[in-house]
Amino acid sequence: MYYISKKIFFPPVSEADEDGILAIGGDLSSERLQLAYKSGIFPWFNEGEPILWWSPDPRMVLFLEELIVSKSMRNILNRNQFKVTFNQSFKDVISNCQKIKRDGQDGTWISNEMIDAYYKLHTEGIAKSVEVWHDEVLVGGLYGIDLGHVFCGESMFSKVSNASKVAFIALVNYLKKEDYKLLDCQVYNPHLESLGCREIDRDAFMSILKSK
């Protein structure tokens, strides 16, 4: 494992260990975070611990044309009970992702330090959000890093059933329209798999990431 100093640098992702951990240390400056995502790396660590930088193999992704929208979900979308916006309430979205209780997790990895860092990226037009509203109340959403041809999803939340799915589908439809190549979902979970995401080799992911 590499120990990162103040220098804005990352080792090759091939140096990651079998769990996907590549390096430890450094900071969450905008410059470092941008280099990380462009290099196929992301931070993931618990509050109070050193920053861990990851590049897992395999990588969970969505090829946009493989999105799965169930019949029941189509019915929900057709009823237009939710309103979707983009980049209108980034701070509220990431704060809700921090606070939402998740099955099997005692706490959250989204620290106040991370919120500040990603909000700064948002003000620079790099971190973006999708918001889902019901009766003018924010009930779901997601955020991530926009690389222009690949969108790196970070986290999503739901306060009512299906709200995060609505955000996810809206994002994918936008990415399709804008000719993005991939939605990066980082690591496997069954919820993402149900939406059409699958694991690919890190080398294949890096090839797409570097194709722009």
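Residues are classed as buried under 20% relative accessible area, exposed over 50%, and partly exposed in between (1.4 Å probe, protein chains only). By this criterion both Phe10 and Trp53 are buried. The model is predicted, with local features requiring pLDDT of at least 70, side-chain atom pairs counted only at pLDDT 80 or more, and totals for chains, interfaces and linings using all residues. Residues are numbered from 1 along each chain as its sequence is written, and side-chain values use heavy atoms, with hydrogens and water left out.

Helices (H or I, at least four residues) and strands (E, at least two) are DSSP runs numbered from the N terminus. Strand β10 (residues 182-186) is largely enclosed by the rest of the structure, because 5 of its 5 residues are buried. Leu182, Asp184 and Gln186 point one way from β10, whereas Leu183 and Cys185 point the other way. In a regular strand the side chains alternate between the two faces of the sheet. Strands are taken to pair if DSSP finds at least two bridges between them. Strand β5 (residues 59-62) pairs with β10 in the antiparallel sense over 3 bridges, and Val61 has Asp184 as its bridge partner in β10. Strand β9 (residues 150-158) runs parallel to β10 and is joined to it by 3 bridges; here Asp184 is the bridge partner of Cys152.

In helix α7 (residues 202-209), Arg202, Phe205, Met206, Ile208 and Leu209 are buried. These residues lie on the same side of α7, because they cover an arc of only 160° around the axis, the arc being that of the directions from the helix axis to the C-beta atoms. Asp203 and Ser207 are exposed on the face turned away from the buried side of α7. The buried residues of α7 pack against α1, β5, β9, β10 and β11 (198-200).

Ser30 is located in helix α1 (residues 30-38) and counts as buried at 10% relative accessibility. Its side chain forms a polar contact of 3.4 Å with that of Glu124; such a contact is a pair of N or O atoms within 3.5 Å, where within protein one must be able to donate a hydrogen and the other to accept it, and residues adjacent in sequence count only if both atoms are side-chain atoms. Leaving aside neighbours within four places in sequence, Ser30 is in contact (heavy atoms within 4.5 Å) with Lys120, Leu121 and Glu124.
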